[in-house]
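Please read them with the structure open beside the text.

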Amino acid sequence: MRELGFDDCDVAPNARQAHTLSMGDPPDVVVVDVCLEGGLEGIEVGRWLREIFAVPVVFVTSYNDDRTVERIRRSMPGAPVLSKPVYTQRLADAIAEARRTATPRH
C-alpha cells in the first residue's frame, strides 16, 4: 500500500481488530481478505466498513470460486475482487474502481 502512496497502513488479522482500528481512525480505503482469523468473514467486515464509513473496499482471496465471488457481489455490489497473489498495478486499478463505486462521505 505504501508503494501506492498510502501513508498509514494498519493491518488487522481479524474482524474485532478491524472494527477497533477503524473506529479510532476511519480508513480511506480497505483491502480485506475474504477469510479472516477467528472465523469471522472478511465479506461481512468489508460490508460493515463500507456501510459505516462509506469507504472503498477491495477484496482479495484465494477462494475465487463462483460461489464465493457471487456472495461478495450480492453483499457488496461493485466491490472489486482480486485473486491472490495480488500485484501492485492490479491493486492500484482495483482501488481506483472501488473509489468510483463507493458512496461519498457526508
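Predicted model: local features only at pLDDT ≥ 70, side-chain atom pairs only at ≥ 80, totals over all residues.

1. Which residue of strand 3 does Thr 61 stand opposite? Thr 61 stands opposite Ser 83.

2. Residues are numbered from 1 along each chain as its sequence is written, and side-chain values use heavy atoms, with hydrogens and water left out.

3. The sheet is open and has 3 strands in the order 1-2-3, paired in parallel, where pairing requires that DSSP finds at least two bridges between two strands. Strand 1 and strand 3 are its edges, each of them pairing on one side only. Neighbouring strands are turned against each other by 25 degrees on average, with direction ignored; axes are lines fitted to C-alpha atoms, for helices over the stretch in contact, and angles run from 0 to 180 degrees between N-to-C directions.

4. The pairing can be followed residue by residue. Strand 1 and strand 2 are joined in the parallel sense by 4 bridges; within this pair, Val 32 has Phe 59 of strand 2 as its bridge partner, and Asp 33 has Val 60 of strand 2.

5. Burial should be read with its cut-offs: buried means under 20% relative accessible area, exposed means over 50%, and partly exposed lies in between (1.4 Å probe, protein chains only). Strand 2 is largely enclosed by the rest of the structure, because 5 of its 5 residues are buried. Both of its faces are covered, with Val 57, Phe 59 and Thr 61 on one side and Val 58 and Val 60 on the other. Strand 1, by contrast, has a covered face formed by Val 30 and Val 32 and an uncovered one formed by Val 31 and Asp 33.

6. Helix 4 packs on the sheet and touches strand 1, strand 2 and strand 3, its direction making about 140 degrees with that of strand 2. Contact here means heavy atoms within 4.5 Å.

7. The largest pocket has a volume of about 900 Å³. A pocket is an open set of points on a 1 Å grid over the protein atoms alone, where a 1.4 Å probe fits and protein lies on both sides within 12 Å along at least five of seven lines; lining residues have an atom within 4 Å of a point. The volume is the space filled by probe spheres set on the points, which are joined across faces, edges and corners.

8. The lining of this pocket comprises 31 residues, with Cys 9, Asp 10, Val 29, Val 30 and Val 31 nearest the centre. Helix 1 (15–24), strand 1 (30–33), helix 2 (42–53) and helix 4 (88–101) each supply at least two lining residues, and strand 1 gives the most, with 4. By class the lining has 21 nonpolar, 2 polar and 8 charged residues, where Ala, Val, Leu, Ile, Met, Phe, Trp, Tyr, Cys and Pro count as nonpolar, Asp, Glu, Lys and Arg as charged, and the others, Gly among them, as polar.

9. Two backbone features deserve a look. The peptide bond from Lys 84 to Pro 85 is cis, with omega near 0 degrees, and Pro 85 lies in the loop between strand 3 and helix 4. Ala 54, in the loop between helix 2 and strand 2, has a positive phi of about 55 degrees although it is not a glycine; Ala 54 is buried, at a relative accessible area of 17%.

10. Two further residues may be checked. Pro 77, in the loop between helix 3 (66–75) and strand 3 (81–83), counts as exposed because its relative accessibility is 52%. Asn 14, found in the segment before helix 1, counts as buried at 19% relative accessibility; leaving aside neighbours within four places in sequence, Asn 14 is in contact with Leu 36 and Glu 37.
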